[in-house]
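Subject: Structure handover

Dear colleague,

Please find the structure below. My notes follow it.

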Amino acid sequence: MRRYSVFAIAREALRHHQGWGRAWRAPEPKSRYDVIIVGAGGHGLATAYYLGKNHGIRNVAILEKGWLGGGNTGRNTTIIRSNYLQDPSAALYEKARSLYESLSQELNYNIMFSPRGVMMLAQTEHEVRGYRRTARANALQGVETEFIGPQRVKELCPIMNVSGPRYPVLGALWQPRGGTARHDAVAWGYARACSDMGMDIVQKCEVTGIRTERGRVAGVETTQGAIDCDKLAIAVAGHSGRLADMAGFRLPIESVALQALVSEPIKPCMDVVVMANTVHGYMSQSDKGEMVIGGGTDGFNNYTQRGSFHHIEETVRALIETFPMISRLRMLRQWGGIVDVTGDRSPIITTTPVQNLFMNAGWGTGGFKAIPGSGWAMAELMAKGEPGPLAAAFGLDRFAEGRFIDESVAAGVAH
Ligand SMILES: Cc1cc2nc3c(=O)[nH]c(=O)nc-3n(C[C@H](O)[C@H](O)[C@H](O)COP(=O)(O)OP(=O)(O)OC[C@H]3O[C@@H](n4cnc5c(N)ncnc54)[C@H](O)[C@@H]3O)c2cc1C
């Protein structure tokens, strides 16, 4: 793989950019691999990358039914934070956040990590109590956050109306090293590094069946033929239930559409990420100047990967009280992704009833921020056959045993 550098750019500028190679190969699938990963989103690709990097397992294929990064990884609003309440969540998301800090250098690919700070607004007394509690929990967990008052909120985000008539801003949970990254660059960076390690990323290759022999995984049926494997990982977000069904077990997951929209680009006016969970909207400004706006999930299960008018209306109506200036903006685009939501709003990184079949799912509305940590933990689980400290609490058995990692009450939303 040719390294990207300032010298490479200068050299290619002189050659009219004719010398750049493909960032990743486009191979035909082989008949057998040590490991197959279904889903070339961030979680599947990061799992493959850390399997190769941390455990030396490189005979790996990542099978993708569409194009890599074309699922939720390329559809999210890119918020990265680790200010979760429960210890296992804070450990996993903080691992991911800290890996994001140097991921561009590690992958030699600019993922545009921007630790501009994330604030979660407290607009009810209940939220004030909740976020003060989270700030204290984070202090014990080694996650840098603080509870700030409305005046500091206004200083950090001058376009905000902190004294709205219905939902005045009473404070915020502030994580100064939270922020954003360019979502598809995260997928592309991992893909390039995986391809460089000799792994095969096979696009337009849908997995249509899972073969097992005596309770152990044997391979997959795909639209490009049957492929054998020793170990299989499923990382398909909103389609997790369908893949588990192919392997003969059920997951405690609901699939619903989550939507987002962007405005026309405007001059820089907001250099932090703001989440307003009571009114249910969140917003940041992209480097192009668009206001990136996210809302809630549909109230019913579905696989409809597209936007709807009532969500624009609800989300924008909710945000206008806090950000009156957006009432004058035109909206450019809107889209949806199918997210996989668990009852406790925490992910699943687990072995399954089928031997050597592993599952990475349940990231719901907030898995972009977790990609590096999730890949790290999933690779460890697959290489050793049992979870390491990061994944230990996130097994499927927690639903049978009632050991929930309850982030739903703490967060309200989980982006
Ligand atoms: C609108 C929206 C906003 C969001 N905002 C945020 C945010 O701000 N911060 C945050 O942290 N998270 C956010 N998320 C959540 C985040 O995007 C997801 O949790 C994360 O991207 C999931 O990554 P993944 O790799 O598991 O799934 P995906 O990126 O969806 O990848 C799964 C891949 O599997 C493929 N696949 C499915 N079935 C098959 C099959 N049978 N065979 C082969 N391939 C298959 C799909 O085509 C897809 O490419 C948001 C999500 C949405 C939809």
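Which elements each supply at least two residues of the shell around the ligand? They are α2 (42–55), β12 (253–265) and β16 (331–342). Please bear in mind that this is a predicted model.

The ligand

The ligand is surrounded by 39 residues, and the closest are Gly39, Gly41, Gly71, Gly337 and Gly367. Sorted by class, the shell has 21 polar, 13 nonpolar and five charged residues. Since domain 1 (28–78 + 183–252 + 344–411) and domain 2 (111–178 + 254–342) both give residues to this shell, it lies between them.

The two domains

The protein chain is divided into these two domains, domain 1 and domain 2. Their C-alpha centres lie 28 Å apart. Where they touch, 23 residues of domain 1 are in contact with 19 residues of domain 2. On the domain 1 side, the elements giving two or more residues are α7 (183–196) and α8 (240–247). The largest share of that side, three residues, comes from α7. By class, the residues on the domain 1 side are twelve polar, eight nonpolar and three charged.

The core

The largest nonpolar core has 116 residues, and Ile36 and Ile62 are those with the most contacts inside it. Domain 1 and domain 2 both give residues to this core, so it lies between them. In soluble globular proteins, nonpolar side chains tend to be buried together. Leaving aside residues up to four places away in sequence, Ile36 touches Ala61, Leu63, Val220, Ile227, Cys229 and Leu232.

Strand β14 (residues 281–285) is mostly covered, with five of its five residues buried. In a regular strand the side chains alternate between the two faces of the sheet. In β14, Gly281, Met283 and Gln285 point one way, Tyr282 and Ser284 point the other way, and all are buried.

Strand β13 (residues 273–276) runs antiparallel to β14 and is joined to β14 by three bridges; Ala276 stands opposite Gly281. The hairpin of β13 and β14 has four residues between the strands, and His280 takes a positive phi near 70° there.

Strand β15 (residues 290–297) also pairs with β14 in the antiparallel sense, over four bridges, and here Met283 stands opposite Ile293. The hairpin of β14 and β15 has four residues between the strands, with Gly289 at a positive phi near 105°.

Regards

Terms used: Residues are numbered from 1 along each chain as its sequence is written. This is a predicted model: local features need pLDDT of at least 70, side-chain atom pairs count only at pLDDT 80 or more; totals for chains, interfaces and linings use all residues. A nonpolar core is a set of buried Ala, Val, Leu, Ile, Met, Phe, Trp, Tyr and Cys residues joined through C-beta atoms within 7 Å. A residue is buried if 20 or more other C-beta atoms lie within 10 Å of its own, exposed if 12 or fewer, and partly exposed in between; C-beta atoms are placed from the backbone. Domain bounds come from an automatic or database domain assignment. Two residues are in contact if their C-beta atoms, placed from the backbone, lie within 7 Å. A residue is near a molecule or strand if its C-beta atom, placed from the backbone, lies within 6 Å of it. Ala, Val, Leu, Ile, Met, Phe, Trp, Tyr, Cys and Pro count as nonpolar, Asp, Glu, Lys and Arg as charged, and the others, Gly among them, as polar. Two strands pair if DSSP finds at least two bridges between them.
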